[in-house]
2 protein chains.
Amino acid sequence: MKLSVRGEYALRAMQVLARDFQEDDSVVRIQEISEKQNIPKRFLEQILNDLKSAGVVQSKRGVAGGYRLKRKPEQITLAEIIRHIEGPLAPVSCVSEKYYEKCSCPDESRCAIRAVMKELRDSIVQVMEATTLADLADRARALEQQPLNPHDFMI
Amino acid sequence: MKLSVRGEYALRAMQVLARDFQEDDSVVRIQEISEKQNIPKRFLEQILNDLKSAGVVQSKRGVAGGYRLKRKPEQITLAEIIRHIEGPLAPVSCVSEKYYEKCSCPDESRCAIRAVMKELRDSIVQVMEATTLADLADRARALEQQPLNPHDFMI
DNA sequence: TTAATCTCTACTATGTCAATAGTATTTTTG
DNA sequence: CAAAAATACTATTGACATAGTAGAGATTAA
């Protein structure tokens, strides 16, 4: 059920771009994202390049180059990012809406596991479609306000 | 976010054992599970062996040998099975209750992604903890009643 | 022209999926 | 009681995907 490291890095990189997003053409260097998030730089390059072909980010080459979100943070969901990096959100492909593949079981229509996996897919998709990069940035800003570990504030 | 093939096979095998479960000492042969579910036999052996050390099934060797659930189907959840086969249910280890691991991000307590992943973990755990092998067997029986593909019955 | 940056391709290491082969145990049968 | 057959058990191996590294090239600003 785990996200791949690739997928996790992608989300963390997008969180940085979302947090620093401005309407002008300002970009953030790979180096900077890499340092802020402890992500291996060369690996991050590949991931950002993927997200570029996916239309999530755009890049500027050369000396003052870097990456920025191609659309507003409100218009990019976590689901979109993960689908481009990892493929289906569904735990098994036979319940995927966007990447359906027949599974090896004898009769999908009578597979009880498939029924449960559909429920699971729905809850996963629900969360990932509902959360945009803008939400992420808002939350990040809120968390930055807290001076200490949030556990200390739980009543 | 995908289940490994191993995990999927484990669930499908347990579905068979749950469906055929009886209070006596009857066992089901690997061969039979393998045929019913189109799972490579030799691979299934390894998976069932894992589930044996996990205390989910028990085995009987020799001519009339095979596998059976070690406990009643009501007492085995999908969460237990997947945790033993795959490890954490959480999409990233830094939000796992049972298998927590520090992640590489600079400050977990201020990571917005982590907050979202926690929500996701909760919905996943909710479904997997709530579903027992008895539920699966009930659903399987109900689906067997339906003569045709359930899509045909949706209004 | 130089330096900083992204881009592209290739390579390595590790882990997972799956198949293969052989071993150990139990029941049946002669 | 011993041999044979059926079954679970264990270890090894190869193919493929994932994670990460490396080098050379292309583009841009100063």
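Guide: Around DNA strand C there are 26 residues, and those that come nearest are A:K52, A:Y67, B:V5, B:P40 and B:R42. The model is a predicted one. Of the atoms of DNA strand C that come within 4 Å of the protein, 59% belong to sugar and phosphate.

The side chain of B:R42 places an N or O atom 2.5 Å from a base oxygen of DNA strand C.

Two or more residues each come from helix 3, strand 1 (57-60) and strand 2 (66-69) of chain A, and from helix 1 (5-19) and helix 3 of chain B. Helix 3 of chain A gives the most, with five residues. By residue type, the surface near DNA strand C divides into eight nonpolar, nine polar and nine charged residues.

DNA strand D can be described in the same terms. It is surrounded by 26 residues, of which the closest are A:R42, A:Q46, B:K52, B:S59 and B:Y67. Sugar and phosphate make up 61% of the atoms of DNA strand D that come within 4 Å of the protein. A base contact here belongs to A:Q46, whose side chain has an N or O atom 2.5 Å from a base oxygen of DNA strand D. B:N49 faces the phosphate, with a side-chain N or O atom 3.4 Å from a phosphate oxygen. B:G62 uses its backbone: an N or O atom there lies 3.4 Å from a sugar or linking oxygen of DNA strand D.

The elements on this side are helix 1 and helix 3 (41-53) of chain A, along with helix 3 (41-53), strand 1 (57-60) and strand 2 (66-69) of chain B, each of which supplies at least two residues. The largest share of the surface near DNA strand D comes from helix 3 of chain B, which provides five residues. The residues near DNA strand D are divided into eight nonpolar, nine polar and nine charged.

To place these elements, consider chain A as a whole. Its secondary structure consists of six helices and two strands, and from the N terminus the order is α-α-α-β-β-α-α-α. The C-alpha trace of chain A spans about 55 × 45 × 25 Å along its principal axes.

Helix 1 and helix 3 of chain A are also linked by an aromatic pair. There are two aromatic pairs in the structure, counted over all chains. In one of them, the ring centres of A:Y9 and A:F43 are 5.8 Å apart and the ring planes stand at 80 degrees, so this pair is edge-to-face. Because A:Y9 is in helix 1 of chain A and A:F43 is in helix 3 of chain A, the pair ties together parts 34 residues apart in sequence.

The two protein chains also touch each other. The contact takes 49 residues from chain A and 49 residues from chain B. Between them the chains bury about 4,400 Å², of which 61% is on carbon and sulfur atoms. There are 14 residue pairs in polar contact between chain A and chain B, with both residues at pLDDT 80 or more. On the chain A side, two or more residues each come from helix 1 (5-19), helix 2 (30-37), helix 4 (78-86), helix 5 (112-130) and helix 6 (133-145). Helix 5 of chain A gives the most to that side, with eleven residues. The chain A side is made up of 30 nonpolar, ten polar and nine charged residues.

Charged pairs complete the description. Side chains of opposite charge can pair when their charged atoms come close. The whole structure holds 28 salt bridges over all chains, and two salt bridges are counted between chain A and chain B. B:R139 and A:E119 meet through their side chains in a salt bridge, at 2.5 Å from N to O. Within chain A, the side chains of A:K36 and A:E32 form a salt bridge at 3.7 Å, N to O. Those two residues both lie in helix 2 of chain A, four residues apart, which is about one turn of the helix.

Conventions: Residues are numbered from 1 along each chain as its sequence is written. Chains are lettered from A and ligands numbered from 1 in the order in which they are written. This is a predicted model: local features need pLDDT of at least 70, side-chain atom pairs count only at pLDDT 80 or more; totals for chains, interfaces and linings use all residues. Side-chain values use heavy atoms; hydrogens and water are left out. Contact means heavy atoms within 4.5 Å. Buried area is the accessible area (1.4 Å probe) that two parts lose on being put together, summed over both. A salt bridge is a side-chain nitrogen of Lys or Arg within 4 Å of a carboxyl oxygen of Asp or Glu. A polar contact is a pair of N or O atoms within 3.5 Å; within protein, one must be able to donate a hydrogen and the other to accept it, and residues adjacent in sequence count only if both atoms are side-chain atoms. Ala, Val, Leu, Ile, Met, Phe, Trp, Tyr, Cys and Pro count as nonpolar, Asp, Glu, Lys and Arg as charged, and the others, Gly among them, as polar. A residue is near a molecule or strand if one of its heavy atoms lies within 4 Å of it. Rings of Phe, Tyr and Trp (its six-membered ring) pair if their centres lie within 6.5 Å; planes under 30 degrees apart count as stacked, over 60 as edge-to-face and the rest as tilted.
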